[in-house]
Amino acid sequence: MKTAVYPGSFDPITKGHLNIIERAARLFDHVTVCVMVNSDKSPMFTLQERKDLLRKSTAHLPNVSVDAFGGLLANYARDHECCTIIKGLRAGSDFEKEFQMAMINRKLNPNLESLFLTAEHQYMYLSSSAVKEMSYYGADVSDFLPEEIIEDFIKRMNQIANNKEANP
Ligand code: PNS
């Protein structure tokens, strides 16, 4: 059985992520989307919440499951006997960071291959951070997020805005 792991922060999942998941699910027998910790980021949703949002967004994909892990990706892959990591590549700016991560993961776990799927043109500029920023300043982000999570996203964004108002 050909399996792959698609790791990321997914804070929250965007339509760009979903497009990569759908395409990976056509290439592999099973794909695990794994919510992981990026130590450079302060997430808006907890690991469990991000998992729940991913589950809602991928419910239509029978060969996709969702997991979360707080350690090294190389160890997660080893423990789950998986040797392919899927990553989405947007603009050239993603390349350097992803190349470095692929090298490090390979060093930590020599059985690992990183497979890069290029983003569809309509998602080339899309990121969870950009969606959060747009929404914080009141823009409609419904074009960028899976329909199933928009309500949860707006609810959390309103909580954040209300907290900021109460504690400027
Ligand atoms: O969506 P992101 O934030 O670009 O995803 C990055 C992520 C979470 C995949 C990366 O930070 C990661 O793999 N974190 C787990 C720890 C790890 O294995 N880091 C790579 C070796 S330093």
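Me: Leaving aside neighbours within four places in sequence, what is Ile 21 in contact with?
Reply: Keep in mind that this is a predicted model. Ile 21 is in contact with Tyr 6, Ile 13, Val 33, Leu 54, Thr 58, Leu 61 and Val 64, once neighbours within four places in sequence are set aside.

Me: And in the largest nonpolar core, which residues touch the most other members?
Reply: Tyr 6, Ile 21, Leu 54, Ile 86 and Phe 153, out of 32 residues in that core. Strands E1 (3-8), E2 (30-36) and E3 (64-69) each give two or more residues to it, and so do helices H1 (15-27), H2 (47-57) and H6 (150-166). H1 provides the largest share, 5 residues.

Me: How many residues are in the second, separate core?
Reply: That one has 10 residues, including Val 5, Cys 34, Met 36 and Ile 85.

Me: Back to H2. Which of its residues are buried?
Reply: Arg 50, Lys 51, Leu 53, Leu 54 and Ser 57. They sit on the same side of H2, because they span an arc of only 165° around the axis. The cover over the buried residues of H2 includes H1, E2, E3 and H6.

Me: What lies 2.5 Å from an oxygen atom of the ligand?
Reply: A polar side-chain atom of Ser 9. With Val 37 it's the backbone: one of its polar backbone atoms is 3.0 Å from a ligand nitrogen. Leu 73 also uses a polar backbone atom, 2.8 Å from an oxygen of the ligand.

Me: How much of the ligand's accessible area does the protein cover?
Reply: 80% of the 550 Å² that the ligand has on its own.

Me: What about the backbone: which peptide bond is cis?
Reply: The one from Asp 11 to Pro 12 is cis, with omega near 0°. Pro 12 is in the loop between E1 and H1.

Me: Which loop is Phe 10 found in?
Reply: Phe 10 is in the loop between E1 and H1, and its phi is positive, near 50°, in a residue other than glycine. Most residues other than glycine have a negative phi, and most peptide bonds are trans.

Me: Is Phe 10 buried or exposed?
Reply: Buried, because its relative accessibility is 2%. Glu 81 also has a positive phi, about 50°, without being a glycine. At 74% relative accessibility, though, Glu 81 counts as exposed. You'll find Glu 81 in the loop between helix H3 (73-79) and E4.

Me: Last one: where is Gly 138?
Reply: Gly 138 is in the loop between helix H5 (128-136) and H6. Its relative accessibility is 63%, so Gly 138 counts as exposed. The C-alpha atoms of Gly 138 and Met 157 are 9.8 Å apart, with the two residues 19 apart along the chain.

Definitions and conventions
Residues are numbered from 1 along each chain as its sequence is written. This is a predicted model: local features need pLDDT of at least 70, side-chain atom pairs count only at pLDDT 80 or more; totals for chains, interfaces and linings use all residues. Side-chain values use heavy atoms; hydrogens and water are left out. A nonpolar core is a set of buried Ala, Val, Leu, Ile, Met, Phe, Trp, Tyr and Cys residues joined through side-chain atoms within 4.5 Å. Buried means under 20% relative accessible area, exposed over 50%, partly exposed in between (1.4 Å probe, protein chains only). Helices (H or I, at least four residues) and strands (E, at least two) are DSSP runs, numbered from the N terminus. Contact means heavy atoms within 4.5 Å. The arc is that of the directions from the helix axis to the C-beta atoms. A polar contact is a pair of N or O atoms within 3.5 Å; within protein, one must be able to donate a hydrogen and the other to accept it, and residues adjacent in sequence count only if both atoms are side-chain atoms. Accessible areas come from the Shrake-Rupley method with a 1.4 Å probe; for residues, only the protein chains shown count as cover.
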